[in-house]
Structure formats: structure tokens, C-alpha cells
Amino acid sequence: MKKRSIVMAMAALMMVSAVTGCTSKAVSSDGTFTPKETVNWTVTSSPGGGSDIYTRMISDIMTKENLVNGQPIIVTNKTDGSGEIGRNEVATTKGSKADYTLLTFNSGDLMPMVQNTKNRSSNFRILAIMAVDKQLIFKGEQTKYADFKEAIEAAKNGTKIVIGGSKGDDIATYDAMLEEIGISKDVMSYITYDSTGDAITAALGGHVEFVISKPAAASEYVTAGSLIPVLALSTERYTGNLADAPTLSEIGDYENVEVPVWRGVAAPAAMSDAAAAYWSEQLGKVAETDTWKNDYLEKNKLIGNYMDAAAATEYVTAYEKDFMAANGIQ
């Protein structure tokens, strides 16, 4: 019995030592977090889309500015179930792994999530909001319509028009536009793709006539001349190579339509307070870099809007509450 007690005591001591060692590996005695392992960042849309570009820009800046203590960041695209499987994997990540798990989390992710699953923003730690984005409609080289005004007229005469786009906020923007111009979904239909990049590929191949996209995903194709901006889904025109796209009020007796997209970063709910504070701070540092301001925000026509973890959590919680109430979601 004595021998057994000694063995059990030693086992308990080893367990305590293991836990203590795991904790002290990243969280110091003063309660601050410093990454010591590979960081895993999940994006729930395909490579080449706006969310993917956003994520890789932030991860590149973090690496180049030495904001991750020299640790690598691995970005993984998980699109199964329209991204819900990837989001749920992050939401349910536990233990020390939670401190090394990040998720790209935008309004376009939140909307379908609360409509189709039991996950809510409270199942995550909201670390930051980084920017606000908006959309345009582009036509491909094979699209027969000269502009979107002509496409609206064709649809009102019964000709079917097909628009491609991503999920979430792209669909919300499409719905708002159809309501304003008074055309049914049967005539001006929408095909949902896993990412804006996939939708753009469909437009380039002539499989859809128009595509809804944020500037970031479409920019290189506009420069190459393979995508042409035909409608700014905003209260005012964009600048630069998107300036030729009129707003809705410029092409008819319509009110302008826009559905601003907030772009954020989240983590598992199990992430420690120390790690959450660390990542929120580093994201704030990213937002202050010239690379972020010039090579991402200015280049892709976004509005810088950094919020730290506390402000972002309050904002997202309110946004979610309003969206659920507007859509009758309990």
C-alpha cells in the first residue's frame, strides 16, 4: 500500500509538472504571453479571395515586423460546409492549442453562421476588427452587356441574368440591390461560390455574366483588363482603376445600396486572457504599419478601422444581435 501511494504521488507530481511546464512555456510569471510554437490561422474561404488576401497580408506583416517572436504562421483554407466546419473547429479548440489558433472572422462569416448553425460570436474570442470593406459588380470580357444599366433593362424585359459571388455579405448586398431595383431572383439569379476568387474564375470563364467582389480580390484582374467594374455598391464612386463604375443612383431612379463588411480576427473561446491580449496588441501594431496602410488599405480601397479586443467584441456582439433580430433568429 505504501509503495502504491508513493507511485501515485509521483504520478500526480509529474502531471502537475507537465501542466506547469505547458503553462510557463508561453505565459510568463507576470502573466504575459509570448508565442513559442507555430501559429495556425484558419480562413474559411478559398485561396485568392478577399479573406485569403487579407489574412496573408496580416500574417506576412506579423512575420516581417517580428510580431510573433520568430514563430511561423501557417494559413489554412477550410471551405467545407461553406466554412462552417472550419469555424466550428476553431470554436471548439481547447487547451494550450487555443493560444496558437487564429481565425479570419468577418461579417460575411457571421451572417450565415448564425443562420445555419448554433455557433454565435460568444463561441469565439474576438481579438480585433481591422478594416471595413465594400463591394462592386464587375463584368467579364465575355459578358454581352455594355454596362449594368443595360443588364437591368434586359432583366426587366424578362431576360435571365446570372451573378456570381461569395457567401454572407455578398448575398446580403445582392439581396439589397434586387430589392432596390425591383427585380426578382428568378430573373437576376445568384450563384454562391466558396470564395470571391472562385466566383471571379467563373466570370473569367464566361460561366456567369457578372460577379460581386471587393476591390482586393478583383484588383489584379481589373489592371489586366479581364474584369471591368460596372457598378459601385457604395454611396459614392471608388477611385483609381475603379472610378469608372457608377453608383446605383447614377444609372437610374434608385437609392444607392451598400452593405459594409467589417473584417476581423477571432480565436477559440478557450484562448487565455494573456494570449488574447497579446494577439490584439500585435494586430494593433499591424494596423499602424505603412505596409498595411499603403499596400493593403489604400491599394484595395478599404477603410482602416482597428478596434482592440474589448471594442471589437462589443461591436460584433451588437452587430450579431441586430442581424438576428432583423432576420427573426432566436
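Let's start inside a sheet: Gly 164 has Ile 191 of strand S7 as its bridge partner. The model is predicted, so local features need pLDDT of at least 70 and side-chain atom pairs pLDDT 80 or more, while totals for chains, interfaces and linings use all residues. Numbering runs from 1 along each chain as its sequence is written, and side-chain values use heavy atoms, with hydrogens and water left out.

Strand S6 (residues 161-165) runs parallel to S7, joined by five bridges. Helices (H or I, at least four residues) and strands (E, at least two) are DSSP runs numbered from the N terminus, and two strands pair if DSSP finds at least two bridges between them. Zoom out and you get an open sheet of five strands, ordered S7-S6-S8-S5-S9, with mixed pairing. Strand S7 (188-192) and strand S9 (227-233) are the edges, each pairing on one side only.

Now for the aromatics. Rings of Phe, Tyr and Trp (its six-membered ring) pair if their centres lie within 6.5 Å; planes under 30 degrees apart are stacked, over 60 edge-to-face, the rest tilted. That rule gives 14 aromatic pairs. Take Tyr 54 and Trp 292: their ring centres are 6.1 Å apart with planes at 65°, so the pair is edge-to-face. Tyr 54 sits in helix H2 (residues 50-64) and Trp 292 in helix H10 (residues 290-298), so this pair links parts of the chain 238 residues apart. Both Tyr 54 and Trp 292 are buried (under 20% relative accessible area, 1.4 Å probe, protein chains only; exposed is over 50%, partly exposed in between). Elsewhere, ring pairs link Phe 105, Phe 124, Trp 262, Tyr 315 and Tyr 319 into a cluster.
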